[in-house]
Amino acid sequence: MSGNIICELVNKTIVNEEYFILQFTWSGIAPKAGQFFMLKPLRSSVFLSRPFAVFDYLPDKKIVKFLICRAGKGTVELAGLHSGDKARLTGPFGNCWEDFLPNGASFKGKAALVGGSAGVAPLAALVSQKPGCYFHFFAGFKKGFREKEHENAIMGAALKAHKFSISAEDGGNALNGKIVDFIFEPESFDVILACGPMGMLKALWKKCEPKNVSCFFSLESRFACGAGVCLGCTIHTVNGNRRCCKDGPIFPAADIIFNE
């Protein structure tokens with residue numbers, strides 16, 4: 001059952017001009033990697049809450065973290081919060097990565113985690129929650145990071161993955177190009193989990209489908225309610241229309257109809 005709780009911001013980290021990290025107290029049920037919350041400052045000029053995947057959860061401190069990319073009025077407003085400010089957190093919503101790992105919690109194989117931009121957040125949470133698993137983390141960004149500290153902050157727990165590859169389309173202090181181009185042997189993994197822009201996911205599926213690799217994608221969409229009521233985040237699948245928030249956000253890649 002999800003909670004609807006007024007929470008306190010205990011820390012804000014401005015990573016660079018694009019990204020920032022918010023840490024809130026959370027007294028509700030523990031979120032799982034892959035799930036998301038709806039966030040809205042208690043004092044806000046926007047009508048709708050904004051959805052963000054869990055970046056990390058510290059059960060001993062009851063703190064949930066979010067990695068956020070400035071993308072509009074709502075995220076700019078969140079970036080303006082200060083420690084001690086209050087926000088309404090509703091969640092956690094959605095399914096989780098563990099639901100799609102072969103053998104679930106007992107997974108012992110090799111998984112590729114592919115994140116694009118802020119899509120690295122729910123995958124970093126998985127690395128944090130399952131430290132004993134073999135993960136090769138692939139992370140792609142449009143711009144490289146000027147400082148190593150920026151890269152480390154954005155990747156968070158992902159840096160604890162067994163292997164790590166990072167790319168930037170501008171070549172800035174990273175592999176030069178799109179991250180999907182650096183996944184050379186997708187068939188070497190038991191499963192591929194990914195989150196990011198639809199274009200990245202489509203390119204990844206095009207590469208993996210001929211190899212018969214099991215892929216599961218967390219989709220980014222505009223969630224108005226987060227509970228499947230408004231139908232604003234409907235996606236097209238081979239099984240008909242599905243609500244990204246209520247039926248997902250994670251789906252088998254083979255079920256998704258990628259628009260041409």
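This is a predicted model: local features need pLDDT of at least 70, side-chain atom pairs count only at pLDDT 80 or more; totals for chains, interfaces and linings use all residues.
Seven strands form an open sheet in the order E4-E3-E7-E1-E2-E6-E5, and their pairing is antiparallel. At the edges lie strand E4, residues 50-53, and strand E5, residues 56-58, each of which pairs on one side only. From one strand to the next, the twist averages 35°. Within this sheet, strand E1, residues 3-14, is joined to strand E7, residues 86-93, by 6 bridges in the antiparallel sense. Ile5 stands opposite Leu89 of E7.

Strand E7 also contains Pro92, and the peptide bond from Gly91 to Pro92 is cis, with omega near -5°. A cis peptide bond also joins Gly248 and Pro249, with omega about 10°. Pro249 belongs to the loop between strand E15 (240-243) and strand E16 (250-252).

Among the buried residues are Val120, Pro122, Leu123 and Leu126.

Finally, I come to two loop residues. Most residues other than glycine have a negative phi. Lys62, in the loop between E5 and strand E6 (63-69), has a positive phi of about 55° although it is not a glycine. Lys62 is partly exposed, with a relative accessible area of 45%. Asn212 lies in the loop between helix H4 (198-208) and strand E13 (215-218), and its phi is near 55°, again a positive value in a residue other than glycine. Asn212 counts as exposed, at 71% relative accessibility.

Methods:
Residues are numbered from 1 along each chain as its sequence is written. Side-chain values use heavy atoms; hydrogens and water are left out. Buried means under 20% relative accessible area, exposed over 50%, partly exposed in between (1.4 Å probe, protein chains only). Helices (H or I, at least four residues) and strands (E, at least two) are DSSP runs, numbered from the N terminus. Two strands pair if DSSP finds at least two bridges between them. Axes are lines fitted to C-alpha atoms, for helices over the stretch in contact, and angles run from 0 to 180 degrees between N-to-C directions.
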